[in-house]
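Visitor: I have a multi-chain model open and would like to go through a few of its details. Can we start with strands and then move on?

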Amino acid sequence: MSVSNLLENWSKFRHTHPVDDKGHEDWEAYPSDIKWAMAIDLDACTGCNACSVACYAENNLAVVGKEKYAHGQEMHWMRIERYWGEENGEFHAEQGAQFLPMMCQQCEAAPCETVCPVGATNHTEDGLNSQIYNRCIGSRYCEANCPYKVRYFNWYNYPEQEGAWPSPMEQQLNPDLTVRTKGVMEKCTFCKQRTYVARNNARNEGREVADGEVQTACQQACPTGAISFGNLHDPASKVAKQWAQQGVDINKDKQDKDKEREKIEHQDKEPEKALRGYRILEELRPYPSVMYLERVRDESAV
Amino acid sequence: MTKDIREDIAWAQINQDVLKSLENPRKLYWVILFGALLVFSVGIGCEIYQYINGMGVSNKNNSHVWGLYIATFIFWIGMSHSGTLLSAILHLMHADWRKPIYRFAEAMTTFSLMTAGLFVAVHLGRVWQIYYALPYPSERWVWPNFQSPLLWDAMAIFTYLSSSVIFLYIGSIPDFAIARDNIHPGWRKKLYSILALGWEGTDRQWRNFRITYMTVACFLIPLAVSVHSIVASDFAMSQQPGWHVTSFPPYFVAGALYSGCAAIITLFIILRYVFKFEEYMTLPILKKTVRLTFAIAMVWTYLNCIEFASVWYSHDQVAKDVLIQKATGPYAPFWWAMIFCGSVVPFVMMFKRFQTNIPVMFAVSLLLNLGMWLERWMIVAPTFSHGYYPWTWDHDQWPSLIQWGIVFGSFGWFTLLFMVFCKIVPSVSMYEVKEMVYHRSQATKKKQLGIEGAH
Amino acid sequence: MHFSLRLFTLVAGLLLAAASHAADSAPKLTTPDDLGPEVTQPIEFPHFRHAGDEKDGGMQINCMYCHTYARRSMVAGIPPVQKCVGCHQNIPSVRETPRIKQLFDYYDNNKAIPWKKVHDIPDFVRFNHERHIKRFYFQQDRPYQEVCGYCHGDVKTMVVARRQKPLTMGWCANCHQKDHPVNATSTETGHGPNDCFTCHK
Amino acid sequence: MNENDFDRRDFLKVLGAGGTAVALSGCGYTSIEDGKETVTSYVTLPSYVIPGISNYFNSTCAQCEAGCNTMVRVREGRALKAEGNANSPINRGKMCGLGQAGVQAHYNPDRVQTPLLKGGKAISWGDALKEIEGRLSGVKGDEIAFVTGTTSGHAQALLGSYMEAVGSKNHFSYEAISPAVVRAANKKAYGVAMPRYRIDKAKVVVSFGADFLGAWVSPVYFSQQYAQFRKGNRPEGRGVLVQVEPKMTLTGANADRWLGIRPGTEGILALGLINALGSAGVKVPADISAAAKDYTPERVGTDTGVPFDQINKLAALLKERTPSLALAGTAAEGYAHGSQNALAIAMLNHVLGNVGKTVEAAAAVPFPQLAPVVGNRASLTALNDGLAANKYKVVFSYGTNPVYSAPAAMKFKDNFGKAGFRVAFAQYLDETALAADLVLPLDSAMEDWATMVPEYMAAPEGGYAEGYAQVSFRQPVMNRLYPDTRSIGDILLALLKQRKPEAYKGFDDFYAYLRGNVLEKKVAFGGSAKDDNDEFWNDVVGKGIVALKGVPGRLSPKPSVSGLALPAPATPDSAYPLRLIPAVSASMRDGRNANEPWLQESPDPLTTIVWDSWVEIHPKTAAKLDIVEGDIVEVASRSGSIKAQAYLFPGIHPDAVSVPVGYGHEAMGRYAKGVGANVFSMLDPVFDKETGELALNETAVKISKTGERVIIVKEEGPVGGSQAGRPRIAVKVPAGKVDLTKEV
Amino acid sequence: MSKRYLLALYNNFDEAEKVVSELRNADIKGFNADEDLTVKSPIEHPEVEEFLGDKPVKIQWFTLVGAVMGGLLAFFLISGSQAGFYSQLKGGKPIVPIPPNMVLTYEMFILGGVYITVLGFLICAGLPARRSPLYSAKVSEDQIGILVKADESAAATLKGIFAKHKALEIQEEAGR
């Protein structure tokens, strides 16, 4: 089948993504009308760690303990980064700190995917960056090539040898996903097990997945509602609205608004009020699916 | 002082001298052999420990996922290139001084490739699943990801390994025949008569032999180049600063030839001593090799410079940071050591009186190898500890003893293979030495005729 | 020499043909039977009697009468003892047979029956009964015994259920890549998901 | 018993044994051999339970006093995850990290499983209760003391009746960290102890060390208000947050302006602001302006270390943008003059006319016996004195850990020893439990029945509800892990039966008592007399929240400034030049949850340190003492000393050092024991003059290097909080430069 | 008519050359110089071929076919499998990306080339071979052997020629 298939659908197999997709429908290799995406408002984020702990609870993440943490072998899929204001090499705290929740950005053109020797990580039809634990042989090339360094490797056999879940703690483990073992790579999946259920329910009832029908664990926990998650292809969804309102387009490596702004600044005119949506390391063209909203600070109090 | 191979040496003599090296080993041989065995077993021990407890014991971490294994892997791959250089390239260029030494150079190629192969397995988190990476039609109908440079590596190394094994074998068929004819009866004679495939040196055999040898040589050269360019593309194809460098493929190839030649000098000296090959592995040959090495060293240095320059004059701040960190950060000592060993030490080779000074050259060649190993480490490590994402930088990452142990062990493995090889295959190509001697004598004869003619 | 050349070309040609065929040919579309081991259950439940055809003395009870969760949830689950008792209370004829006695022992002591898993797939695999039943039983309305039989084989002839299909990845894929009509009436077809993340968890 | 309910609990009994067995085996290692694993099956199963599909049960979080309403996910009889109850006015479907970790309190491997005598001898409940009865015989009522944490709801009601039954008034409600001083000041200033703050309505919030986003009163609720407060498209416009505190808290880290004030001078700044506002033409009541008149910006500037133009700027901002809100928090109250500080800050609200706008009176539950008995530190002092004077022969302790959290200088441990018989109701063998003669194992919050009345009465969505009050219900979401644990309710009931058998014989367990009690007051609990009991009860339990017609509180129109006199800022003494500020972190709090690994492993938000405690030092101070990061330093006060790793922290006043509380347990369990140092132990016994609360920030310390140095185990990399010149990682933009109005 | 095998050993190529040229020029009945004449030498020596007259070498064809086959096989195997049922996007690249496939095609091209060339060598050089009727270990040392196959009748003449050029040694043996 496949060689004939190859010759028949040659053009289909030659699409690149996401830049020259003519919409997602006409492409059988990427048929879904769902594209999961996120928007994180750094202004609302208080850095309280609720999302991170929720992730531990939902995704069976191993607690590695002090010694392994010291070796940088921690397993938190969602990490909260804390930055200070900087002036000539010194940190200053007058305007507080800045917090940045960082998890797998589910890139549309993910650097990790191409390099995996066994194809354990692929781009799923609903726009996720899948990680097939049982296929992984642990070459760690994906993490080596990940600009965000958000993939986490099972350096030890946490379930069996390291006793990460002393009885009865193993009863807390979420049966909807595997407990990863020694030698496989893992990372944030946008709570695949939840989106999976939502999509099946929708399919069984012959409808689309409604906005807000599925929440990721971090989103659900976040006390300030800084995280929103949903289907970018559904114009009614909050995420789609946010992206559109912030003028961030998933298919661009440089957003028009930024080009605009640069032009204006180039003619050293004072630019009008800006929008605060941006994607981290966008310029490397991984086309990340997470949009961050800049943290706003009021100067009037300073 | 520098006496070359005698032209009037009896061909029978050649046979005797070389075949001697196949028989009853000296004490020194055993010492080396068991030493190697010991070192290798250390490596095995570490690997078992790592296999049981998981990759973590090598003290890598989540931002710093690769370490000495990959570095040493590249080192061994690199070492393999010299064999091809000597046997294939110089063969096509009819440089007949290569003839006494190319055999063991090729052996070196083969064995260092085998060693490199080990590291692929050692590096994997789930080595017991390694078959997932092989392209075979399975019940699941899933295939490896042919886009991955790692897979290209696997393919290239396989091709290279098998081709050079074949090349080595074909090249030594006539010598097997000699061994068959001269060795006293016994299992070894049987072995050689099998290996010789009934070679009799008929004109038909020689005719096809010549063509085949040349063709394979022609294939080997682009192959060797491609192999190391592909290894380079493991890095160049990625997005990471300090890796995503256009000049990497040639840079790697040069580095490979460099370390290879250095290794040849080392082994040249060792073999010369262990098997008393002064007759054949003569100082002029050493001198030529040394000069070749020096030339390559300069090429490597040059490529180094342009790499730094191109980073320096690019607008890629991130890549620049990595470079600066290499020179000033926690890796600085190793980085400068690499520069010293790789670009400064070779200048010793400029001086005629050192070129044939065995002890000096031995020391130098070792230093060069060290430098080239450091180079590989300096390619792999600093990018991880100073990549795109400052939050995940990690300057305290230091390989654990397990990691060092396995690297150490690989040298044992290599030596082990090599020592065994020396006892089975004539490590000097007898028939080609004969050719060499023959051509020399012809040439001198012609000269004399010429002189007489002048009168 | 020329002969050997020809011979060699032939061989090489065959090799190439074979290899390309390997890459080329689709997995076989038949689903081979490979019988799993006998499993001894705490109570030897006679499937043939409940689900079997009339001629074999069966009662042709719909699989999903007992395995009712199959159409509601990812896992088919095992009916609670309650369910068995619900009927058997009213069937005095077999009340005293050994199996039924066992059954009532469990029920009266409020003990769950430790049934053994027969169709066991690895933990990193997600198999969704609900979806498959929705797709083939409700949308395409094929007979339930056929639909369940795709994976569970001909249970209605068995006493204690026993695995009849390989349940391997390739075997799943055989069916997933076939084009099935989306519902009983329409000619429109579609194949199962080919996305690793759908079945691997 | 009720039928449905019986069903539920019955199904809870059958654990998903199969489920867990499967769960632990990772990829590749799973047995797929037929007939090896057991299938989870049940005897009877209610219709709403479908294997493979989770059930959600509403309950109430017991991790801190805020009392968020939770919704616990249950699969095959196993509680998997605590999520927020979307209908809760408190947390509105959200959940903090501490709350999430509740499941680990439940599944904790170090729980006490059976009643234990001193020395760890296990005994049966019968014997345990007999033992207590025996010990109590012939003991006078006022020789019995009961020390608890904050308690409320029916358990509190039972406790109340028990104390009454034994004729004792010695119920000490002790919380190591509680806003007790602020309560007192509020009572004076507003007439209510715990008003409802409307951060969401304020345009400017000036918080004097109130870490309302992290660990103060009801963080999850405040966080949601904060989210509103930050919205650019809110009618009031985007709010401005100014945090005034010597050591940066999580809230400080999120402020537009963080003022690292000299420890103890918060009140001075408040009066300074009042003064500045007065001179800027804001109408200030006579008595208040009298109190504030000497506090000119210049003087205040020098006293507090806040640049005085900053003070004027702040005053101007407050004047311009009303309503605003001034909060007094943990940092402001922790001094001998804590209540003055708090009062001065409260006055600021009066001057700015926030009282009634952003400071509202909350309602109280109509049943006083259910109302929370809030903990404070003064009660510990009282108990300690009593113990020292051999007044108590029998001491019960529940839900608090005084042996751990009492300053060493109080010698509490020894005094506790003086009591004749000590009973600890405990979930872990913590320090107090170890010091007790009898330890009675408690249910986890996933196993017991309880009701809870939050001290801070949040308003439901849609703003100010005059008389809104609520009672939260907690129900078992799974079967007991260990058959021999009991809920506090059951235990109290059992104890009561020893005293008044006939009065309580109707109730065979706390569940029955609770149900009976609620049904009795059906109408008050929002039902109607003709509701079917079972339906009503299931409805109540199902919702987990009962909204009540509460007793509205009243704000006093006229505040009293009596006794508002602030001391001059303390002059640093030469021997102990630095001020120690015990830091309360969002996840560790007072350390009662220290044995939950998720909390140990999730980095402290500000320092990103895990699995250890640390000493925060300002880089300048550190440079003076030539201390670098990772130096093990000894922090010594007059009353004790600890050793910990030094961390250079820009968010702290140069004259102060800060150490987090909650670490340094000597017992409790594998995850808590020996992790870090216990800063409580070294606090000086200085007390607030008015309320007698232990003043947490009054400890003067000196710091010396021990010569050891470690690599701090933390999340941040070697470049710390720097973005290394990368342009677009965490971006910050001035409010003026960005268009927030059209945001979604 | 029965045949005889003769092997003459000579010291160096010059002598051997003389002998061969004489053998080829002399028209001896029952002896065909092109078919029945084999020269055995310890080293590979181009001149031998010159004075034996050129004999075609076919190995290049093996090489060509092998290389091409290898390349084709690689490309279709890879692209075919990429276009299989599980075809999934990777990093936004096409499902059948040409450049990576070219790399592997190139490798297989060489692999095929090398393997088949060697196969060709074995076939053309007639290896592995059984020991031929007459062989002397001297050949693998330093002497040149000339092996001829001729009718009984011609044997004498041939021997004469060998002797004339003072062969170091002449062996002879009967054969079919």
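Guide: Strand β20 of chain D runs parallel to strand β22 (residues 640-648) of chain D, and four bridges join the two. Strands here are DSSP runs of E of at least two residues, helices are runs of H or I of at least four, and both are numbered from the N terminus. Two strands count as paired if DSSP finds at least two bridges between them.

Visitor: Before more of that, what kind of model is this, and which cut-offs apply?

Guide: This is a predicted model, in which local features need pLDDT of at least 70 and side-chain atom pairs count only at pLDDT 80 or more, while totals for chains, interfaces and linings use all residues. Residues are numbered from 1 along each chain as its sequence is written, chains are lettered from A and ligands numbered from 1 in the order in which they are written, and side-chain values use heavy atoms, with hydrogens and water left out.

Visitor: Back to β20(D). Which residue in β22(D) stands opposite E616(D)?

Guide: Y647(D). β20(D) also pairs with strand β23 (residues 656-660) of chain D, in the antiparallel sense, over two bridges. There the partner of I617(D) is V657(D).

Visitor: Which way do the residues of β20(D) point, and are they buried or exposed?

Guide: W614(D) and E616(D) point one way, V615(D) and I617(D) the other way, and all are buried. Buried means under 20% relative accessible area, exposed means over 50%, and partly exposed is in between (1.4 Å probe, protein chains only).

Visitor: Now chain A. Why is β5(A) described as largely enclosed?

Guide: Five of the five residues of β5(A), residues 98-102, are buried, so the strand is largely enclosed by the rest of the structure. Q98(A), L100(A) and M102(A) point one way from β5(A), and F99(A) and P101(A) point the other way.

Visitor: What does β5(A) pair with?

Guide: Strand β2 (residues 79-83) of chain A runs antiparallel to β5(A), with five bridges between them. M102(A) is the bridge partner of R79(A).

Visitor: Interfaces next. Which two chains share the most contacts?

Guide: Chains A and D, of nine pairs of chains in contact. Contact means heavy atoms within 4.5 Å. On the chain D side 99 residues take part, and on the chain A side 92 residues.

Visitor: How much area is buried there?

Guide: About 8,400 Å², with 57% from carbon and sulfur atoms. W598(D), R728(D) and K732(D) supply 9% of the area that chain D buries against chain A, more than any other three residues. Buried area is the accessible area (1.4 Å probe) that two parts lose on being put together, summed over both.

Visitor: And chain D against chain B, what are the numbers?

Guide: The buried area is about 1,000 Å², of which carbon and sulfur atoms give 62%. P718(D), R726(D) and I729(D) supply 47% of what chain D buries against chain B, more than any other three residues. The contact takes 15 residues from chain D and 13 residues from chain B.

Visitor: How far apart are chain D and chain E?

Guide: Their closest C-alpha atoms lie 21 Å apart, and no contact joins the two chains.

Visitor: Last topic, backbone. Where is there a cis peptide bond in chain D?

Guide: Between T322(D) and P323(D), with omega about 0°. P323(D) lies in the loop between α13 (308-320) and β11 (324-328) of chain D.

Visitor: What is phi of A724(D)?

Guide: Near 50°, a positive value in a residue other than glycine. A724(D) is partly exposed, with a relative accessible area of 25%.
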